[in-house]
Amino acid sequence: MKVYSRGVARIRHKNTGDIYDVESDELDWDAVGADERQMGLETRYEALVKHPELGRLTWSLWEYPAGIENYNQTDVGEHELLADFEYGLEHEPEPDVWADYSLPDNPFTIFMDSYHHTGDLLADYGSENGAHLVNRMIFSHQVTALEAYLSDTLTKAVLADRTAKARLMSNDAELSKERFSLAEIASDPGLVESKVREYLRSILYHNLPKVDFLYSTALGIRILGLAKDKALLFKAVMQRHDCVHRNGIDRDGQRLEVFTKRYVQDTADLIKAFVMKIENEVRSRSVPSS
């Protein structure tokens with residue numbers, strides 16, 4: 001599931017009357033908040049544009065329950081919105097990208113190897129300078145390792161458990177839309193499993209509320225409830241986005257200088273503790289059905 005935006009927004013300046021166009025590719029969507037509600041987490045996404053003439057412009061979208069677009073809002077301040085983008089939630093599976101991907105035997109071992117290796121790199125080559133490139137690279141990798149663990153662990157558990165697979169297909173908004181004819185199933189006995197695998201590989205695993213929903217639906221594990229500091233975890237995911245996509249610049253154009261050796265190591269420890277609790281929960285589940 002991702003937020004898409006298409007077209008052009010046209011905005012009339014409140015004082016001059018001049019009309020400005022904002023292209024959809026100028027929007028950079030981030031998950032900026034999540035609140036627990038009756039049917040799970042409500043996630044808010046926001047795209048911010050700082051226009052030289054119009055000032056701060058924001059587009060917001062709320063996902064609730066997981067996979068469902070609940071509400072959207074455009075804020076152009078005191079200016080007049082003449083035409084808006086088309087924007088919302090969409091699911092874009094990428095089967096070709098993952099067709100030959102083999103799930104690792106032990107995602108937890110891979111994560112722990114990454115944790116120890118990046119810790120060694122930080123100790124040997126890191127800097128006390130909070131804007132240092134090596135620190136940012138190690139920080140980004142640590143969050144990426146978390147995403148890989150979440151993806152591989154969930155996929156392995158679901159594919160190994162017929163009950164978990166059925167729960168996911170029944171309760172996930174995207175998977176529940178899938179329909180197969182008897183002829184399709186007869187010609188490809190592995191069709192259902194391949195569709196589930198394809199769907200799980202398409203998820204953006206930095207979208208922690210969505211991942212929490214998937215783990216809860218399929219495995220009965222609310223992973224966000226296991227986080228020692230959920231706010232810091234969300235913050236780390238957003239900072240990783242700034243490092244990877246903006247070269248260490250935040251959405252307000254300010255260079256991030258928080259990535260000291262201590263901060264990077266503390267974040268790594270927070271992520272490790274989170275992963276260890278998830279792993280314990282996954283392992284303590286009853287023996288999956290075949």
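Visitor: Which residue lies over the face of Tyr4, and at what distance from the ring centre?
Guide: This is a predicted model, in which local features need pLDDT of at least 70, side-chain atom pairs count only at pLDDT 80 or more, and totals for chains, interfaces and linings use all residues. Residues are numbered from 1 along each chain as its sequence is written, and side-chain values use heavy atoms, with hydrogens and water left out. A charge sits over a ring if NZ of Lys or CZ of Arg is within 6 Å of the ring centre and within 35 degrees of the ring normal. Over the face of Tyr4 lies Arg6, and its distance from the ring centre is 4.0 Å.

Visitor: How many helices and strands does the chain have?
Guide: Helices (H or I, at least four residues) and strands (E, at least two) are DSSP runs, numbered from the N terminus. The secondary structure of the chain comes to nine helices and nine strands.

Visitor: How many aromatic pairs are found, and what is the angle between the planes of Trp59 and Phe85?
Guide: Rings of Phe, Tyr and Trp (its six-membered ring) pair if their centres lie within 6.5 Å, where planes under 30 degrees apart count as stacked, over 60 as edge-to-face and the rest as tilted. A search of the whole structure finds seven aromatic pairs. One of them is the tilted pair of Trp59 and Phe85, with 5.1 Å from centre to centre and an angle between the planes of 55 degrees.

Visitor: Which parts does the pair of Trp59 and Phe85 tie together, and how many residues apart in sequence are they?
Guide: Trp59 lies in strand β6 (residues 55-63) and Phe85 in the loop between β8 (80-83) and β9 (86-90). The pair therefore ties together parts whose separation in sequence is 26 residues.

Visitor: How is helix α3 oriented relative to helix α9, parallel or antiparallel?
Guide: Axes are lines fitted to C-alpha atoms, for helices over the stretch in contact, and angles run from 0 to 180 degrees between N-to-C directions; those under 35 degrees count as roughly parallel, over 145 as roughly antiparallel, 65 to 115 as roughly perpendicular and the rest as oblique. Helix α3 (residues 133-159) and helix α9 (residues 261-284) pack at an angle of about 10 degrees, with their axes 10 Å apart. That makes the orientation of α3 to α9 roughly parallel.

Visitor: How is helix α2 oriented relative to α9, parallel or antiparallel?
Guide: Helix α2 (residues 107-125) packs with α9 at an angle of about 170 degrees, with their axes 11 Å apart. That makes the orientation of α2 to α9 roughly antiparallel.

Visitor: With which residues is Thr267 in contact, leaving aside its neighbours within four places in sequence?
Guide: Thr267 lies in helix α9 and counts as buried at 7% relative accessibility. Contact means heavy atoms within 4.5 Å, and beyond its neighbours within four places in sequence Thr267 is in contact with Phe139 and Ala236.

Visitor: How far apart in space are Cys243 and Ser140, C-alpha to C-alpha?
Guide: Cys243 has its place in helix α8 (residues 230-246) and is buried, with a relative accessible area of 10%. Cys243 and Ser140 are 103 residues apart in sequence, while their C-alpha to C-alpha distance in space is 6.9 Å.

Terms used. Buried < 20%, exposed > 50% of the residue type's maximum accessible area, 1.4 Å probe, protein only.
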